[in-house]
Amino acid sequence: MPISSKELSKQIRVSALKMVTKAKASHIGSALSIADIVAVLYADILNVSPKNSKDSVRDRLILSKGHACVAVYAALAEIGFFPKKDLESYGDNYSALMNHISHKVPGVEFSTGALGHGLPFGVGKALFAKKKKLDWRVFVILSDGELDEGSNWEALMFAAHHQLDNLTMIIDYNKLQSLTSIEKTLGLEPLADKFKAFGAHVIDLDGHDHLALTKNLQAPEVGKPKAIIAHTIKGRGVSFMENQVIWHYRSPNEDQLAQALKEIEAHYA
Amino acid sequence: MRNAFIEELVELAKTNSNIVLMVGDLGFSVVEPFQDAYPDRFFNAGVAEQNMMSMAAGLASEGCHAFVYSIANFPTFRCAEQIRNDVAYHQLPVTIVAVGGGLAYGNLGYSHHAVQDYALMRSMPNMLISAPGDPMEVRACLRYLTSHPQPSYLRLGKAGELCLHDSVPSIEPGIWQRITNSSGPKNRAILATGNGLQIAKNWQQGGQYLDHDLYSLPLWGITQKNLQTNQVEKFEKLVTVEDHLLDAGFGSWMLESLINEPKLIERLALKALDPSVCGLVASQNELHKASNLE
């Protein structure tokens, strides 16, 4: 019985919280922000299989905001790319599960960590598929703060010019950056208009709404790369983490972990 | 060198369908033969080198051997992190092709002077530096790189370099190529990389270093350091020559290769560009003269 996106999003949150607590690692807010996006992708959208993680016809998912890797590691373990027990090694010395996403983990396409690399890399893959007339798709999850990097806009220009409609960008628009809000750092608005002006087909949606995500991720828009602006809440699912910049950096202590898991258990039952 | 590059690439692409060429809106009157022969394998990324380099990595991750062509500083320093993280770390077959290595674009000014590019490239463990010294070595390097696809840096001169080999040599990373034998006792040598070979040949044609054998080293990098001791110890004097700053360049690489061999280090003399040329605008020959390399 395949896992539902709702159940997967719960497991992602549970595993992510446990991982960062044990490893005393940062970025739990960023991982909770994309838990629903990652869950919908792996449960309902991506053509990927743990039986053959290198299958040439698979869809390619690139997590450009590599600091949120625990969300993807948790999803991959949950659907069988590697044993769930391996998640316990997250952040350990020499573990493949390093604190920014690593291509050495089964099911991960590309290591990121420096921002502004995932979309150009994904455009290269989409270009390849288009030229070879292959029908697999490329999905890239970007952070909102990451859009400060000009390489993204270079990549989008290229993707639109070459009509790479096999490319879908999902922007995790939680509106918080590293020190403060997007608005107070480098304002992105009007974000949808920016993507439209660069030639993308743009959809605004609630990034925690599984139905909206599923519906809009399913089919590409012919002739244009797709940009899904997913409005999210950083730290979503844990009351004391939501919309708090500090959870970009802080890892929970044991009491905070227990409280967080309790809230998730209640909310995602 | 540019013409030898494109001719050889077109030839290799006939049998190797993985080869693609990306340009950063550069290459007028050079790259057209490839574009004409393989329009589906030619991409102009526009003036956007960071994206171009990561896209090349994306293409390479699907099985392409991507050649990324631009003027020397643009596909290197402009996108150093893309090379480091996306190409070299992932060990993808991308060849960064820098045209106008050294001071080939002398009068265009400092923005076009590639005199620190070895420094950047040789600090990456998974990067093979390919610095041919003449058009024959350009072809040899391309044949090697396409038969051993890996992260690599191909540094070309511009045009008009003399052919110093009679035919395309067979080359291996870290192994010196003999160009000429000296007339004197066989215990002195010049070892050149890249356009340093043309400089060394000029010296000999001008009557200098006639008692030195002349060698070229067109393929090198971090992993070839361990091959140098055996080759250096055959000579009581070795002069390295490069059109790059000494700091973090080829001569410094040789010094580091011999770090545990102080007696061999004493035999070295390092000829490189003088830092005073940084920021000067003049012809390549004039700037070599300013570095006592003419």
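Select B:Arg178 and B:Tyr215 first: in β9(B), B:Tyr215 is the bridge partner of B:Arg178. Helices (H or I, at least four residues) and strands (E, at least two) are DSSP runs, numbered from the N terminus. The model is predicted, with local features needing pLDDT of at least 70, side-chain atom pairs counting only at pLDDT 80 or more, and totals for chains, interfaces and linings using all residues. Residues are numbered from 1 along each chain as its sequence is written, chains are lettered from A and ligands numbered from 1 in the order in which they are written, and side-chain values use heavy atoms, with hydrogens and water left out.

**Strand β9 of chain B**

Two strands pair if DSSP finds at least two bridges between them.

Buried means under 20% relative accessible area, exposed over 50%, and partly exposed in between (1.4 Å probe, protein chains only).

**The interface of chains A and B**

Select the residues of each chain that touch the other: 21 residues of chain A are in contact with 23 residues of chain B, contact being heavy atoms within 4.5 Å. The area buried between the two chains is about 1,900 Å², and carbon and sulfur atoms give 60% of this. Buried area is the accessible area (1.4 Å probe) that two parts lose on being put together, summed over both. In chain A, pick out A:His117, A:Phe128 and A:Glu154, which lose the most area to chain B, together 28% of what that side buries.

Go next to A:Lys125 and B:Glu62, whose side chains meet in a salt bridge (2.6 Å, N to O). The rule, a side-chain nitrogen of Lys or Arg within 4 Å of a carboxyl oxygen of Asp or Glu, finds three salt bridges across this interface. Eight residue pairs across the interface are in polar contact, both at pLDDT 80 or more. A polar contact is a pair of N or O atoms within 3.5 Å; within protein, one must be able to donate a hydrogen and the other to accept it, and residues adjacent in sequence count only if both atoms are side-chain atoms.

On the side of chain A that touches chain B, the elements giving two or more residues are α5 (118-131) and α6 (150-161) of chain A. α5(A) gives the most, with eight residues.

**Helix α9 of chain A**

Select residues 210-218 of chain A, helix α9, where A:His210, A:Ala212, A:Leu213, A:Thr214, A:Asn216 and A:Leu217 are buried. These buried residues pack against several elements of chain A, among them α1 (5-23), α3 (35-45) and β5 (226-231). At the start of the helix, a side-chain oxygen of A:Asp209 comes to within 3.0 Å of the backbone nitrogen of A:Leu211.

**Two single residues**

A:Gln11 lies in helix α1 of chain A and counts as buried because its relative accessible area is 16%. Leaving out residues up to four places away in sequence, A:Gln11 touches A:Glu78 and A:Lys84.

Finish at A:Leu61 in strand β1 (residues 60-63) of chain A, which is buried with a relative accessible area of 9%. Beyond four places in sequence, A:Leu61 touches A:Leu41, A:Tyr42, A:Leu46, A:Glu109, A:Phe139 and A:Ile141.
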